[in-house]
Amino acid sequence: MASAFEYQPISETEIRLLWITNKGNGDMLDCRLQHFQLETKPQYVALSYVWGYPDDTVRLQLEGHDFYVTRNLHEALLQVQNWQCIHLVNFDFLQAEGLPVLLWVDAICIDQKSMAERLREIPRMKNIYSSANQVLGWLGPYPPDLPERRVAAVFDKAMEITLKTSQEERFDLIMRQQHPIQSEVSENFEEFTNDFFAIIALPWFSRVWIIQEAAAACNDPILALGRLFVPFDCLRCMFSLYTYRMEWWVRPNDTGLGSISETRVWLQDPERGHRLFDNPVAPEDLEALEAGSMMNFARRLNLVLKMAARATFYSTVPHDMIYSVLSMTAAKLAKIPKELEPDYSKQFSDVCRSYARFIAENTGDLGFLWRVRHNDNVRHFDRTQGKIPSWVPNFSNRAHMASLTSKIRGKPSFSADGRMMLLEGVQVDTISAVADHLTGQSNAATHFKTQACRIYELLEASAKIRGVSANVVLHDWLKPFENMVDRVYDQSESEVAAASLVFMSWVQSNAEEPCEIALAQGKDTDCHSPRVKLMIGNIRRSLVRDDFFLTARGNIWASRFGNDAVRESDILCMLSGAPTPAILRPNGTQFLYLNVAKQFAGPDFEDILNGVSVWEDTKMFSLA
């Protein structure tokens, strides 16, 4: 049996590149590894892929020694061996006349057993991918229910639409009243749509490292699924055509993807992988990250954070959710504090605290508060021990927004140990009543109806404070659900009244006393439009998920992520740099950060915030 492979030391000016000589005994791959000076600008392909299950490995030969790689990487190397050529944007890299395809593959070209080398290579990742002649994204083998012929149909049509037509012709496609994809795929449109979204739901699209692997590529990355290729931009353009107009969002009648709400989840859920398409990185933005850029560090950091925060990605190691983003700011690495230099031996929660502080001190933007969940209780981030400050998020949590409109009045300061954040803010309201979720409710059908009754009690209390009818407050409370639906259905006439009938039927079925609003005929959801049905579905989920509460001013709010035990006497504050009001709990002379709040009913809070006077009563809040 061959001995284990031993790496030779590599200098900071070198790069290791791999090539596959031929297949050895049986199907075992035989590979070689060679050092190259970066200044010689070797022509190579950088492989971007999902590692896969670390325990599911396959043996290959590396310089005559046994070497184990994950099964997904092995599949990719087998395909590289079988391809006669890899099409590049500017030339064809032919496997001819004995010339091999040189590859950079992190699992092989970096000594993964050497922590020192791994940490040294992380800041170089962006440069490695930007220096490659081509970035090749390996999406994996064909999914079991997606044969090659159907993948080929999607890839061929994507390239036909985006590569074989002029800009004017593509613009004509999106200006048509008919769905642009349906007009091009008249037959099997439902199957074609299902297949397209199944492809962009593959795990590669949600890897955190593709922020730089795909974005830093000097040419449009080439994606490979099985034996087939497609330029990355072709799939991105196809996604744009599906979503360019609100009326072109995928409908139940158009596809077999299920209800319209499920389709929205399909398109929005980060596990479906579309987010990278929804957040293209402009070339001028990448140029701003290069050494010598005149963009100041705070602006550069903000740019990188927004590139990452618009989406939810994942990584095998939680630390990479932070280190991968920081590696994009390599133009000013001297600015990054020592405690944020890659170190996988550190507690992830400590890295999160350093990262949040780093963002706040350099940008003043507290958009990361949207990631805070106080029910975090996972192995790498456990709040139950009471050692993690309330304002520190678990950066492996899903990101819901980029803080593009935060009102930054100043940057916060921190205590010597970095556990307390001191920042400017203003208290705008106090929580006076909460529609608590009842414990022990296992029946979802019963739960949402019971919760509807509790919400209605808040609506009646709000009506008394504001001096209006409960019907007015109910309309205000339901309107945000219609606004949410209208991202899909572009309608001019409001259908809140129809949704209110359904909501009140839930209330009546659980109320002990008659409610103020009388029911009308037609509460059965089967007779409503798809738009109303989607509203009703969203309302039901919100009743189960969100914690609604009433404030002293008579406004109805919800804690953005629910179930964080919001209670009476908690306060609503606007904090400098925070995109939305925060829910804080007084704790002696300090405050605990609980959640972000979303308004559902009451005077327009934006009008209050836009008033100059609201910031006249600011004070400093110490968040512990």
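The chain exposes about 28,300 Å², of which carbon and sulfur atoms supply 48%; accessible areas come from the Shrake-Rupley method with a 1.4 Å probe, and for residues only the protein chains shown count as cover. The model is predicted: local features need pLDDT of at least 70 and side-chain atom pairs count only at pLDDT 80 or more, while totals for chains, interfaces and linings use all residues. Residues are numbered from 1 along each chain as its sequence is written, and side-chain values use heavy atoms, with hydrogens and water left out.

Of the 624 residues in the chain, 54% are buried (buried means under 20% relative accessible area, exposed over 50%, partly exposed in between, with a 1.4 Å probe and protein chains only). The chain has 21 helices and 21 strands, which are DSSP runs numbered from the N terminus (helices H or I, at least four residues; strands E, at least two). Among contacts (heavy atoms within 4.5 Å) between residues at least 6 apart in sequence, 70% join residues at least 24 apart.

A nonpolar core is a set of buried Ala, Val, Leu, Ile, Met, Phe, Trp, Tyr and Cys residues joined through side-chain atoms within 4.5 Å. The largest such core holds 88 residues, and W104, I108, I322, W391, L584 and L623 touch the most other members. Helix α16 (residues 348-363) gives the most to this core, with eight residues. A second, separate core has 37 residues, among them Y456, F481, V496 and L550.

Not counting residues up to four places away in sequence, I108 touches Y7, L18, L33, L62, F67, V69, L73 and L77. The twelve residues of α1 (residues 71-82) should span 16 Å at 1.5 Å a residue, and the end C-alpha atoms are 17 Å apart, which agrees; the expected span is 1.5 Å times one less than the number of residues.

The structure holds zero disulfides (a disulfide is a pair of cysteine sulfur atoms within 2.5 Å).
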